[in-house]
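Open the model in your viewer and keep the selection tool at hand.

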Amino acid sequence: MIRLTNLTDEELKTIGRRIGGAFYDEGEGLFTRLDREDAITALEIMTECYYRLGVLYTTSEQQEGYLAYWRKGEAREWGMKMMRVSLHMTWRFLREIPFRSLKKLLPLMSNPYEKIYQKEPDYVVISMVAVRREFQGQGFLHVLLEEPFRIAQEQNIPCVLDTDTELKVKKYISCGMKKTAETQIKDGGTMYTMERDYRDE
């Protein structure tokens, strides 16, 4: 895995749009409630957020897929950095996403795993996973998950994520995760919380 650094604004935008397209073009999931361009822009903004936090990774120089992950313990240390990134992301959302789409977007920003695992002192959280369409079905999801799984195993802590479709649940189960919760979100739809917990093994 390669952590993405020293990107130009144009390179970062290209990556964000690739990720947005990968999510939207699945044809299902919560982001398909938005217009295609609004969904891609929203995911491009989120990608920039992860990049600014230093938690955006790719599979290789070919960038077959992308991943954002971190440990709960790390997030507690972000402080002012997180505040600056959050303010920038909010400003971009308000400036670039029409109000009708913002209303649909807000429920999608919830993170059920935070409540479910709030008593855990530490865990690895996977916040975004995307394999580019031309590389799907070639095992890159497994490649993307290897590093966060390895860290969780080494530290003896859970690795968790939220996802939004039954198909994705099945894919994560095939990678060794299990479903631990289903959360109904505002305006319908379900978020599924997944876990890989090496303490069970």
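Select K168 first: this lysine counts as buried, at 10% relative accessibility. Buried means under 20% relative accessible area, exposed over 50%, and partly exposed in between (1.4 Å probe, protein chains only). This is a predicted model, where local features need pLDDT of at least 70, side-chain atom pairs count only at pLDDT 80 or more, and totals for chains, interfaces and linings use all residues. Residues are numbered from 1 along each chain as its sequence is written, and side-chain values use heavy atoms, with hydrogens and water left out.

The term means a side-chain nitrogen of Lys or Arg within 4 Å of a carboxyl oxygen of Asp or Glu. K168 sits in helix α8 (residues 166-174) and E26 in the loop between α1 and α2, 142 residues apart. Helices (H or I, at least four residues) and strands (E, at least two) are DSSP runs, numbered from the N terminus. E26 is partly exposed, at 35%.

Next, D25 and R36. Their closest N and O atoms are 3.0 Å apart, in another salt bridge. D25 lies in the loop between α1 and α2 and R36 in helix α2, so the pair ties together parts eleven residues apart in sequence.

Move to R95 and E96, a salt bridge with its closest N and O atoms 2.9 Å apart. R95 is exposed, at 52%, while E96 is partly exposed, at 27%.

Which residues touch the most other members of the largest nonpolar core? Pick F31, Y50, F93 and L105, out of 42 residues. Such a core is a set of buried Ala, Val, Leu, Ile, Met, Phe, Trp, Tyr and Cys residues joined through side-chain atoms within 4.5 Å. Colour α2, which supplies the largest share, nine residues.

Finish with the pockets. A pocket is an open set of points on a 1 Å grid over the protein atoms alone, where a 1.4 Å probe fits, with protein on both sides within 12 Å along at least five of seven lines; lining residues have an atom within 4 Å of a point. Select I126, S127, M128, V129 and D162, which lie nearest the centre of the largest pocket among its 50 lining residues. Strand β4 gives the most to that lining, with seven residues.
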